[in-house]
Amino acid sequence: MDCLFCKIVAGEIPASKVYEDEQILAFLDISQATPGHTLVIPKEHYRNIFDLDPQVAQALFGQVPGLARRLKQALGAEGINVINNSEEVAGQTVFHTHIHLLPRFGQEDGLDIRFQTQEPDFEHLAQLAQKIRETTEEV
Ligand code: 5GP
Ligand code: ZN
């Protein structure tokens, strides 16, 4: 399969690895949105969060707290953003699922991820929550 991250797993393309086990690989993102910007991937190919096997997800997400602590300690980060982009509309450009770990060093570290704040509409929230609860997941 013509997949960039599968090639990194296979060792066909070099990467600066920070963690590896049987199922999981973590390596530095080539673009370094903040210093230490790391990608965590399952070695097995999944497109994104929508087709990710729950047990593989457990192994993948299970590595995140430890890696976050390591990045914090090694780089002197104050905090971290943990992000998954799934599908183009969400900003996914490499279609082998991955988690971005973005160490944060202060307001001026070059990254700005803020959610828009708006007046809460509790009626709307209740309707939305009901709709989601009643939706049967298709797997
Ligand atoms: P996405 O936009 O799909 O969430 O993230 C893909 C990420 O992969 C981008 O942040 C991009 O910088 C990174 N990337 C693309 N090509 C390479 C590569 O060859 N090596 C590494 N280490 N990262 C890459
Ligand atoms: Zn792949």
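Predicted model: local features only at pLDDT ≥ 70, side-chain atom pairs only at ≥ 80, totals over all residues.
Me: What makes the arrangement around the zinc ion (ligand 2) tetrahedral?

Reply: The zinc ion (ligand 2) is coordinated by Cys3 (SG), Cys6 (SG), His45 (ND1) and His96 (ND1), at 2.0 to 2.3 Å. The angles subtended by these four donor atoms run from 106 to 116°. Four donors count as tetrahedral if all angles lie between 85 and 135 degrees. The angles fall within that range, and the arrangement is therefore called tetrahedral.

Me: How do you know that the four atoms count as donors of the zinc ion (ligand 2)?

Reply: A donor is an N, O or S atom within 2.8 Å of a metal such as this one. The SG atoms of Cys3 and Cys6 and the ND1 atoms of His45 and His96 lie at 2.0 to 2.3 Å, so they meet the criterion. Along the chain, the donors follow the spacing C-x2-C-x38-H-x50-H.

Me: Why can Cys6 and His45 be said to tie together parts of the chain?

Reply: Cys6 belongs to helix α1 (residues 4-9), whereas His45 sits in the loop between β3 (38-42) and α2; the pair therefore ties together parts that are 39 residues apart in sequence.

Me: Why are Cys6 and His45 called partly exposed?

Reply: The term applies between the buried limit, under 20% relative accessible area, and the exposed limit, over 50%. Cys6 has a relative accessibility of 22% and so counts as partly exposed. His45, at 25%, is partly exposed because its value also lies between those limits.

Me: Why is His98 called buried?

Reply: The relative accessibility of His98 is 5%, under the 20% limit, and the residue therefore counts as buried. His98 lies in the loop between β4 (79-83) and β5 (99-104). Leaving aside neighbours within four places in sequence, His98 is in contact with Phe5, Leu39, Val40, Ile41, Ile83, Asn84 and Gln92.

Me: What does the UniProt record place at His98?

Reply: The unreviewed UniProt entry places the feature "active site" at His98. The annotation "domain: HIT", also from an unreviewed UniProt entry, covers residues 4-111. Over residues 4-111 the chain is 25% helix and 23% strand, with the end C-alpha atoms 25 Å apart.

Me: Why does Leu60 count as buried?

Reply: Leu60 has a relative accessibility of 1%, under the 20% limit, so it counts as buried. Leu60 is placed in helix α2 (residues 54-62). Residues that Leu60 touches, not counting those up to four places away in sequence, are Ile24, Val40, Ile41, Pro42, Leu52 and Ile99. Of these, Ile41 is 19 residues from Leu60 in sequence, with 6.7 Å between the two C-alpha atoms.

Me: Why is Glu20 called partly exposed?

Reply: The relative accessible area of Glu20 is 41%, which lies between 20% and 50%, and Glu20 is therefore partly exposed. Glu20 lies in strand β1 (residues 17-20). Not counting residues up to four places away in sequence, Glu20 touches Leu25 and Lys43. Glu20 and Glu78 are 58 residues apart in sequence, and their C-alpha atoms are 25 Å apart.

Me: What makes the phi values of Gln32 and Glu87 worth noting?

Reply: Phi of Gln32 is near 45°, a positive value in a residue other than glycine. Glu87 is likewise not a glycine, and its phi is positive at about 80°. Gln32 lies in the loop between β2 and β3, and Glu87 in the loop between β4 and β5.

Me: What is known of the largest pocket and its lining?

Reply: The largest pocket holds about 300 Å³ of space. Its lining consists of 20 residues, of which Leu4, Phe5, Asp29, Ile30 and Leu39 lie nearest the centre. At least two lining residues come from each of α1 and β2 (24-28). With three residues, α1 gives the most to the lining.

Me: How is the chain built up from its elements?

Reply: The chain has four helices and five strands. From the N terminus on, these run α-β-β-β-α-α-β-β-α. Of the 139 residues, 32% count as buried.

Technical notes:
Residues numbered from 1 in each chain as written. Chains lettered and ligands numbered in written order. Heavy atoms only, no water. Buried < 20%, exposed > 50% of the residue type's maximum accessible area, 1.4 Å probe, protein only. Contact = heavy atoms within 4.5 Å. Donors = N, O, S within 2.8 Å, 3.2 Å for Na, K, Ca; no water. Tetrahedral: all angles 85-135°; square planar, octahedral: opposite > 155°, others 65-115°. UniProt positions renumbered as here; feature names shortened; annotations may be inferred. 1 Å grid on protein atoms, 1.4 Å probe; cavity = no way out; pocket = protein on both sides within 12 Å on 5 of 7 lines; lining within 4 Å. Points joined across faces, edges and corners; volume = space filled by probe spheres on them.
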